[in-house]
Amino acid sequence: MSEEKRTVVIIGGGITGLTAAYYLQKAIKEQRLPLTCKLVEATHRLGGKVQTVIRDGYVIERGPDSFLARKTSAFRLVKEVGLEHEIVHNATGKSYILVNGQLYPIPGGAVMGIPTRIAPFLTTGLFSPVGKLRAALDFVLPPVKTNGDMPLGHFFRRRLGDEVVDNLIEPLLSGIYAGDIDEMSLMATFPQFFQLEQKYGSLVRGAKRTTPKEQKERKGAFQTLKTGLQSLVEEVEKRLEPGSVIKGTRVERITRAGSAYRLQLSTGETWEADSVIITVPHHIVPDMLADYPFFAPFRSVPLTSVATVALAFPEKAIRQDIDGTGFVVSRRSDYTMTACTWTHKKWPHTTPPGKALLRGYVGRPGDEDIVDQPDDEIVRIVLDDLNKVMKIDGHPEFAVISRWKRAMPQYTVGHRERLAAIKQHMAAELPGVFLAGSSYEGLGLPDCIDQGEKAVRDVLDYLRQGESNRSAEAVYSSAQ
């Protein structure tokens, strides 16, 4: 790159934007690049859904409580900011499905609901004999013939039948996305299952052959920080260049100005940028880039509202203790809750001795009104649901309710194709502008961190390519 200083603006200070700012500023320092990086966030704090409440010895996550250990980008970022000594794995234990008012252990060997061991599947009370026979058709049904996308639910129902989907797969998978499995895109959420079916002719056979055998000393599949995930946000923010983060300011409009971009801010200021990383939710983008109608499909991508309800109790208040770490709820059950984590068991570090911490989840497509109820009403509804299962004495010592309005983007059928078409238009009409974040290519913490890292690579490649083109043009001009 030439010594002429260029500016990169990152819009949105959630974990994706924060990651992008950190790694871009790191590259600028290490490679001595003639770049300036600014991060602008509409709220007065960074981290987005990553928020932790520390109270009376409890560590309570308002948003995500952990990240998958096998996806290494989150651990890498933790290590970058010196927090690796705070990493803990979840305690392993039974997880349950709540179906027809009864808790059933998730069958051993189930991978996202797909059996890899036949015996636990045959002996579980989750399915009727007819349901089990229907699931066995997976071994003989031919792979689906398609060149395109399809609903996740349709794919699984065809292979394993309605009972297995409704009582096991749907509660597990829809909980990840707070979505409707019969509307969710197979190719944007779990394309690996389609690939297993195509390669092995059977989901069960494919899952069995590709799942590593359990190790004797098995660690939990998830990791978190003893100090709370917000401590990661705080440590990353500390390492950003002084003055490079602007909070409480929205980018209202982006317009192209020759080979650069003009950003109009809610403060009335105008910034110039040579490249832009946009990490805000998809529904904000069409208004921000109103001159470009190809963003219009984002307006019709749904968002779900959810809430988490953390309830603190004396341990003795839980009269009917259950050996396990929590449960998910079948959609066909008469419960408002979609899941509950026995946090004091799954994450023992979060709870003082002699105390219990339960974390309930409410809100899903078609049942989002609960999120708008007053705190007391939400606590009452969740306690009523829990008491059908557990028997709890009295009221919680306190509750922490976190509402996430229109916060969960729905990767509906055709998601990858829509996104690819939009990115193709962007490459042609908005070179140097890049999308990243939970609305686009994965909404877990590692997925968002991955996207932040990729956006940095894309920006640097774009600016270097532009420099190469300008150098070539200069050589050509001087030769004329």
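User: In this predicted model, at roughly what angle do the axes of H5 and H8 cross?

Analyst: Helix H5 covers residues 152-160. The axes of H5 and H8 come within 11 Å, and H5 passes H8 in a left-handed crossing. The angle between the axes is roughly 35 degrees.

User: How many charged residues are in the contact of H5 with H8?

Analyst: From H5 the contact takes Phe155, Phe156, Arg158 and Arg159. H8 contributes Phe193, Phe194 and Glu197. By class these are four nonpolar, no polar and, as the number asked for, three charged.

User: Are H8 and H9 roughly parallel or roughly perpendicular to each other?

Analyst: H8 spans residues 191-200 and H9 spans residues 203-210. Their axes come within 8 Å and cross at roughly 100 degrees. Angles of 65 to 115 degrees count as roughly perpendicular. H8 and H9 are therefore roughly perpendicular.

User: Which residues of H9 make the contact with H8?

Analyst: On the H8 side the contact is made by Phe193, Leu196, Glu197 and Tyr200. Counting both helices, the classes are five nonpolar, two polar and three charged. The residues of H9 are Leu203, Arg205, Gly206, Ala207, Arg209 and Thr210.

User: Is H1 perpendicular or oblique to H2?

Analyst: The axes of H1 (residues 15-31) and H2 (residues 73-80) come within 12 Å and cross at roughly 60 degrees. That angle makes the arrangement of H1 to H2 oblique.

User: Which residues of H2 does H1 meet?

Analyst: H1 passes H2 in a left-handed crossing. The H1 side of the contact holds Thr19, Tyr22, Tyr23 and Lys26. By class, the contact of H1 with H2 has three nonpolar, one polar and three charged residues. The H2 residues are Arg76, Leu77 and Glu80.

User: Leaving aside neighbours within four places in sequence, which residues is Gly57 in contact with?

Analyst: Gly57 is in the loop between strands E3 (52-55) and E4 (58-61). Its C-alpha atom is separated by 31 Å from that of Gly17, 40 residues apart along the chain. With neighbours within four places in sequence left aside, the contacts of Gly57 are Thr350, Thr351 and Pro352.

User: Which element gives the largest share of the lining of the largest cavity?

Analyst: The search of the whole structure finds two cavities of 30 Å³ or more. The largest has a volume of about 110 Å³, and of its 14 lining residues the closest to its centre are Val59, Glu61, Asp65, Thr343 and Thr350. At least two lining residues come from each of E4, E11 (222-225) and E20 (355-362). The largest share, three residues, comes from E4.

User: How many nonpolar residues are in the lining of the second largest cavity?

Analyst: About 40 Å³ of space lies in this cavity. Its lining consists of Pro297, Phe298, Val301, His415, Arg418 and Leu419. One of the lining residues is polar, one is charged, and the nonpolar number four.

User: Which element supplies the largest share of the lining of the second largest pocket?

Analyst: The second largest pocket holds about 330 Å³ of space. It is lined by 18 residues, and the closest to its centre are Lys423, Phe434, Leu435, Lys454 and Asp458. Two or more lining residues come from each of helix H14 (415-429), strand E22 (433-435) and helix H15 (445-479). The largest share, seven residues, comes from H15.

Conventions:
Residues are numbered from 1 along each chain as its sequence is written. This is a predicted model: local features need pLDDT of at least 70, side-chain atom pairs count only at pLDDT 80 or more; totals for chains, interfaces and linings use all residues. Side-chain values use heavy atoms; hydrogens and water are left out. Axes are lines fitted to C-alpha atoms, for helices over the stretch in contact, and angles run from 0 to 180 degrees between N-to-C directions. Helices (H or I, at least four residues) and strands (E, at least two) are DSSP runs, numbered from the N terminus. Angles under 35 degrees count as roughly parallel, over 145 as roughly antiparallel, 65 to 115 as roughly perpendicular and the rest as oblique. A crossing is left-handed if the near helix is turned anticlockwise from the far one by less than a right angle, and right-handed if clockwise. Contact means heavy atoms within 4.5 Å. Ala, Val, Leu, Ile, Met, Phe, Trp, Tyr, Cys and Pro count as nonpolar, Asp, Glu, Lys and Arg as charged, and the others, Gly among them, as polar. On a 1 Å grid over the protein atoms alone, a cavity is a set of points where a 1.4 Å probe fits but cannot get out, and a pocket is an open set with protein on both sides within 12 Å along at least five of seven lines; lining residues have an atom within 4 Å of a point. Grid points are joined across faces, edges and corners, and a volume is the space filled by probe spheres set on the points.
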